[in-house]
Each structure stands twice: as structure tokens, then as C-alpha cells.
Amino acid sequence: MKLFIVLFLAISMLVLYGITYSDELTIEDIGKNFVSLLAKGDFARTSNFFTKELAQAIPKETLESIWKGILSTMGKFNGIIDIKITEIQGYKVSILTCDFELGTLGIQIALDHESKIAGLYFLQPQFKATYKIPPYVTPDSYTEIEVTIESNGWKLPATLTLPRGEKSCPAVILVHGSGPQDRDETIGPNKPFKDLALGLASKGIAVLRYEKRTRYYGEKALVEGFTVKEETIEDAISAIELLYQRKEIDKDRIFLLGHSLGGMLAPRIAERTDKLRGIIILAGTINDLLELIPKQARYLASLDDKITEEEKREIEEIENQVNKVKSQEIERNESILGAPGSYWLDLMSYDPLKTLKGMTIPVLILQGERDFQVTLEEFNIWKNELKDKPNVSFKLYKGLNHLFISGEGKSSIEEYYKSGNIPEEVIEDIARWILSIQP
């Protein structure tokens, strides 16, 4: 089972607590040895590199599953092509860029004072396949400028895509799903946020997309008490403020589009500002990530029609961790399921449906029929609970997966790494809805 990918899509972060570093340690060599043992499949010895706490969080069976998931996604391991030693929150960390058949992946490690790995972080993979601009995009109809979103001391690189010749146009801010996403929500050769930006700009709508804080700053972003406020909400609010100050933007027609976790948080963001004219939710879950993670694990394990004993153990461990969080038997700074306890405790207190029911601004909710991460069950709850609200519209797309890209048969992780684009129909529906809403 591709546990690595499940965790990557869900949150993809391991938090460092109480790490110190000794200059006598050769962190570069330890990193090389660790990756070498991974490549050899010697997971018993690799686990010996961990601190007691990390070994409990990632037993050798889980580490083996993670590595197998990486290989199934990235292809054959070729070797380490670059090593960088950096400092994060005062700690020295090694980032080893590994080359695979289909792309590169960074493995980040941090050591304690006993030369044990106390922090392990798999960075977002970069694939060798290239992105293709959708045929519905008109390159001469827009221009792109680089801007910076300043959010409570954090500076995030961003791209503002502006229609040409428009004196004052409506605009959309794109808010990422979970995990350390870049401004295009890149996964494999696909860039769904770039599809949206170029497609909507070709139809007269400005789009702002930006590097997610956890992507651009890595573990520096994981401050004490980390929640979705620090991960997503603060930066989305700052992005809205940036657009509000731009003379090219119609201040009365600023919208927010959230995908996956971003869609779930869209109502929470909207209630914190009076500058949004409406929100668009793409594959937004009503249940929190604690509900999604074990469901995704069980679905992926069942794709080959046979769930192995190892996969059963992994699913059981995920469920045990989820139950521990739900029972609130965790400390706020305790790392569990790839995030601190503060993160999960905060999410458990948020009800997106209840929040949305109290809102009067226009809302558009879109869903792909083949989405296994946020399923039709979620979409139907949105529809049934909000059917009497005249400000809410819905649309279901046949054949689209979680990325809103077309496919056939059972949806799987592997198809995310096949080149595709968001269909023109989705772009047209979003554009039509936005342009129909007046100030």
C-alpha cells in the first residue's frame, strides 16, 4: 500500500521537537548512509538510525511501506545527486536530493545530540515530465506578474495573472489542499492551479496563486501551537488584502476558490473578512482529515482486490492514531499522523457545514465523480444540507478525479502522475458563475 502517498496527500509533515545538534556529527555522511540502506531495503538497520520516539512513530514495517510507495510512484532509485546542509529553527538539517527514474525527491533529516535521526521529512517530488498548457488558454489574452504576499512576518512568492486590456476585473484567490503545495498545486506533470489561473484569465478574470507557507518555509513554518490558521487561513486573508489594494482589481468582486482542505476551510476564511464576494469549493470535505486518512488507506489497499496482512496492520495503526486524536488523549505539541496535536484539536472544533449555513454570500460547490479522496458521499451531504439555500449552487462532473482531471475506471494515486488538464467545461462553469455575480 502506498502509505507514503496517503500521508503526503493528507498533511506530509513531521514536526521537530527538542532537537539539538553537535558539530562533531557528520550529518552529511549519516544522511548518505541512511538513504543507502533505504535503497538496499535494509529497513531494520535504517530504523536503528532513529531516536526512540521516531522509531515508535515510524516502525521498520511502515518505513518499508513508505519506501515501496516512493519507488512505485517515482520508479527506480538512481542515487543521491545533491546534499545541502541548512539550519531550521536553530537546528542543522541535511536535505538529500535523490534521483529516481521519473523525477527527484528530497529527503530531509535532522539529528539529535546522540547522532540519531529525530526528524524525517519527505519533500514534494519533482517529476521529469513537463506541464502542457491547456488548449483552451489564449496566451495573448493575459499577462503574469510576480508579487509577494506578506502575512504576519512571512513573505510568500506569488503570481498574479491579469487579463489584458481590463481596467478593473473580478479576481480569484486560489487556496491549496493539504500538504506543502506550490502555487500551481503541482503533482507529477499536472498543475491544476495553473490550469485554473490561465483558463480564467483567458476569460477576463484575474487569479492570484501563491506558494504555501509550509512549502516555501518547510519546518520553519511549524511554529508552536501550529494549526490551519498558520498553515492556510492567515495567508489567504493576506492574499485577499493584497488584491484589494490592486488598482486592476474590482474590489467588489473578489472571490476565493479552495481545493480539498482549502475548500473545507473556505467558509472559515470567508467569515474572517468582509472583502469576499463569494467562495468556490472544489472537492471540499465536510468531515475533517481524521475521517479521510483511514478511508483513503483502505481504498488504496483494496485496489488490487487483495488486502495483505501488512496493509491490514498499517490501516490498523492509522486507525489507532486517529482514535487517539479523537479521544483528545494527545498533547498539543505531540506529533501524530504527521502533524502536532494542536493541529488536529483545532480541526476537530471546526464545522464547515455549520459555518456555511450561516453565510449569505454566493457559494459554488464542485465535485469530481471519480474522486476517492473526497467522495460523492461528501458532495451529497453538501447538497442535502444546503439545498434550501438560494445562495448555494452545485455541479458534479462525470469522470473527474480529485485533481479535476479526467480518467477512467477506479481512481488511483498513479493517475495523478499522468499528464492531463482541468477540462474546459470546469473553467467555463467557474467563469460563468463569477461573471454572473455583480457587485
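Every view below comes from a predicted model.

**View A. Thr159 on strand β7.** Strand β7 covers residues 154–163, and Thr159 is part of it. Is Thr159 buried or exposed? Its relative accessible area is 4%, and buried means under 20%, so Thr159 counts as buried. Look for the side chain of Arg183, which forms a polar contact with the side chain of Thr159 at 2.8 Å. Setting aside residues within four places in sequence, the contacts of Thr159 are Glu144, Ile145, Glu146, Arg183, Val207, Leu208 and Arg209.

**View B. His402 and its polar contacts.** To find His402, go to the loop that runs between β15 (392–397) and α15. With a relative accessibility of 4%, His402 is classed as buried. Which side chains make polar contacts with the side chain of His402? Asp371 is one of them, at 2.7 Å, and Ser260 is another, at 3.0 Å. If you leave out residues within four places in sequence, the contacts of His402 are His259, Ser260, Ala283, Asp371, Gln373, Val374 and Tyr416.

**View C. Helix α6 crossing helix α15.** Here you see α6 (residues 192–201) and α15 (residues 424–436), whose axes come within 10 Å of each other. How do α6 and α15 cross? Their angle is roughly 55 degrees. An angle counts as roughly parallel under 35 degrees and as roughly perpendicular from 65 to 115, so α6 and α15 are described as oblique to each other. The handedness of this crossing is right-handed. On the α6 side, the contact is formed by Asp195, Leu196, Gly199 and Leu200, while α15 brings Ile427, Ile430 and Ala431. Sorted by class, the α6 and α15 contact has 5 nonpolar residues, 1 polar residue and 1 charged residue.

View D. The buried residues are Pro192, Phe193, Asp195, Leu196, Ala197, Leu198, Gly199, Leu200 and Ala201.

**View E. Helix α8 crossing helix α9.** The crossing of α8 and α9 is right-handed. Which residues make the contact? From α8 come Val228, Glu231, Thr232, Ile233, Ala236, Ile237 and Ile240, and from α9 come Leu261, Leu265, Arg268 and Ile269. By class, 8 of the residues in the α8 and α9 contact are nonpolar, 1 is polar and 2 are charged.

**View F. Ala239 on helix α8.** Ala239 belongs to helix α8. Its relative accessible area is 0%, so Ala239 is buried. Beyond residues within four places in sequence, Ala239 is in contact with Ile149, Ile173, Leu208 and Tyr210. Pro267 is 28 residues away from Ala239 along the chain, and their C-alpha atoms are 16 Å apart.

View G. You will find Val223 in the loop between α7 (213–216) and α8 (228–244). Val223 has a relative accessible area of 31%. Buried means under 20% and exposed means over 50%, with partly exposed in between, so Val223 is partly exposed. Not counting residues up to four places away in sequence, Val223 touches Trp154 and Glu230. Ile83, 140 residues from Val223 in sequence, is 25 Å from it, C-alpha to C-alpha.

**View H. Gly75, in the loop between α5 and β1.** Gly75 sits in the loop that joins α5 (60–74) and β1 (77–88). Is Gly75 buried or exposed? Gly75 is buried, because its relative accessible area is 13%, and the cut-off for buried is under 20%. How many residues apart in sequence are Gly75 and Phe100? They are separated by 25 residues in the chain, yet their C-alpha atoms are 5.9 Å apart in space. Phe100 is also among the residues that Gly75 touches, along with Ile70, Glu101 and Leu102, when residues up to four places away in sequence are not counted.

Definitions and conventions:
Residues numbered from 1 in each chain as written. Predicted model: local features only at pLDDT ≥ 70, side-chain atom pairs only at ≥ 80, totals over all residues. Heavy atoms only, no water. Axes fitted to C-alpha atoms, helices over the stretch in contact; angles between N-to-C directions. Helix = DSSP H or I, 4+ residues; strand = E, 2+ residues; numbered from the N terminus. Parallel < 35°, antiparallel > 145°, perpendicular 65-115°, else oblique. Left-handed = near helix turned anticlockwise from the far one by under 90°. Contact = heavy atoms within 4.5 Å. Nonpolar A, V, L, I, M, F, W, Y, C, P; charged D, E, K, R; others polar. Buried < 20%, exposed > 50% of the residue type's maximum accessible area, 1.4 Å probe, protein only. Polar contact = N/O pair within 3.5 Å; in protein donor to acceptor, adjacent residues only side chain to side chain.
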